[in-house]
Amino acid sequence: MVFGGPAANLVFAFLLLTGVFFFAGEPYSPATVAVTADGPAARAGLRSGDEVVRLGDKKISRFEDIQESEFLYLAKPMPVEFRRGSDLLRAEIVPQYCQRVDRFNNTVRTGELGLDQLIRPVVGGFTANSPAEIAGLKAGDLLLEIDGKPVGDFSRIRDLIGSRAGQPVAVKYERAGQQHDTTIVPESDVVVDCAGKELTVGRLRIRPTAVTEIRSHGVFGAMGAGLHHIWTMTSMIYTSMGQIVTAARPVDDLGGPIRIAKAAGDASHAGWAGILNLVIVLSVGLGLFNLLPVPMLDGGQLAMYAIEAVRGKPLSLRVQEYGLRLGFALVICMVLFVSFNDIRLLLR
């Protein structure tokens, strides 16, 4: 009965994920990567076109797995296995700790690996007032060269024009099998690097063609994918908690009701998909939090039952009383702490 509450949260999230993967499919992006020049992956010996198969102790089957590892490892060195042609190679990669603020004013901390999805440099679309569109490019054009240097993949565009904001660049592209030339003046944009320094970079304001595919599943396939995602979220949540306890991750990553309300507002911008994803994450998080071995929580009660099973008799009433007092104090401190973090978020 004690386990029933947390289990209900996990089962609810599992059923939602299973339904989503059965009716809408599971997003999947290949783990073949483009390597940023002079980034952590490049220093470890990776090249564009390599397929990552393992990071740390995590098997990589899609690019989304790499993004999850970036969230967890921060600046911790980790072994990497990657396939280049028929060769399986190994190295150690040291992520670059990066702290940025997203468009919703949330602080996001990751361990940047210098890896992007390997995407052909084909124009998939434009943002408003795109200098590339003004220069005559159209959706479907294949970019070949920028100032005489081969483009290769979409992420390479950033390296070639990053320092050319406001300066004309010569672009060679292919359309319907024929090559054309044009001149584009990249638009200036201000970004913040991992060290918190503002930089002015050039932008063509083009979007790539989509590389994420939607994999269809039958009932059992959707159930398997749902279980895999629940396990992944469980690993990420408990690993993050451990990092906070050991001071490897800042404590202001913890939030309470105000941050949850803000996250709901942010999720609404992504429509029903964003809201559904938030419901799943909150349900898993609530279930896992209640399973922590802290008196006053379900996990604390289960821990007492486990001790009783080993000893053959329950703990004394005095020990149980002190345990409950300690658990109550810990829960109150946690509530006060996350409320303080929430208030700081509002005042930011």
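Over how many bridges do strand 13 and strand 14 pair? Strand 13 (residues 169-175) pairs with strand 14 over 7 bridges, in the antiparallel sense. Two strands count as paired here if DSSP finds at least two bridges between them.

## What you're looking at

This is a predicted model, so local features need pLDDT of at least 70 and side-chain atom pairs count only at pLDDT 80 or more, while totals for chains, interfaces and linings use all residues. Residues are numbered from 1 along each chain as its sequence is written, and side-chain values use heavy atoms, with hydrogens and water left out.

The protein chain has 10 helices and 18 strands; these are DSSP runs numbered from the N terminus (helices are H or I, at least four residues; strands are E, at least two). Its C-alpha atoms fill a box of roughly 85 × 45 × 40 Å along the principal axes. Of the 348 residues, 36% count as buried, where buried means under 20% relative accessible area, exposed over 50%, and partly exposed in between (1.4 Å probe, protein chains only). Take the contacts (heavy atoms within 4.5 Å) with a separation of 6 or more: residues 24 or more positions apart account for 61% of them.

Within strand 14, Gln 179 is the bridge partner of Glu 174.

Another open sheet has 4 strands in the order 4-3-5-6, again paired antiparallel. Here strand 4 (58-59) and strand 6 (87-93) are the edge strands, pairing on one side only. One to look for is Glu 81, whose bridge partner in strand 6 is Arg 90.

## A hairpin

Strand 15 (residues 187-192) and strand 16 (residues 198-203) run antiparallel, joined by 6 bridges. They form a hairpin with 5 residues between them, and Gly 196 in the turn has a positive phi of about 85°. Opposite Asp 189 stands Val 201 in strand 16.

## Helix 1 against helix 6

The axes of helix 1 (residues 4-23) and helix 6 (residues 219-245) come within 8 Å and cross at roughly 130°. That makes the two helices oblique to each other, since angles under 35 degrees count as roughly parallel, over 145 as roughly antiparallel, 65 to 115 as roughly perpendicular and the rest as oblique. Axes are lines fitted to C-alpha atoms over the stretch in contact, with angles from 0 to 180 degrees between N-to-C directions.

Helix 1 brings residues including Leu 10, Phe 14, Leu 17 and Phe 21, which meet a helix 6 set that includes Val 219, Met 223, Leu 227 and Ile 230. By class, the contact has 13 nonpolar, 3 polar and no charged residues. Nonpolar covers Ala, Val, Leu, Ile, Met, Phe, Trp, Tyr, Cys and Pro; Asp, Glu, Lys and Arg are charged, and the others, Gly among them, are polar.

Helix 3 (residues 63-73) is mostly covered, with 9 of its 11 residues buried. The buried ones include Phe 63, Glu 64, Asp 65 and Tyr 73. Leu 74 follows the helix and has a positive phi, near 50°.

Pro 208 lies in strand 17 (residues 206-208) and counts as partly exposed because its relative accessibility is 32%. Leaving aside neighbours within four places in sequence, Pro 208 is in contact with Ile 119, Val 122, Gly 124 and Phe 154.
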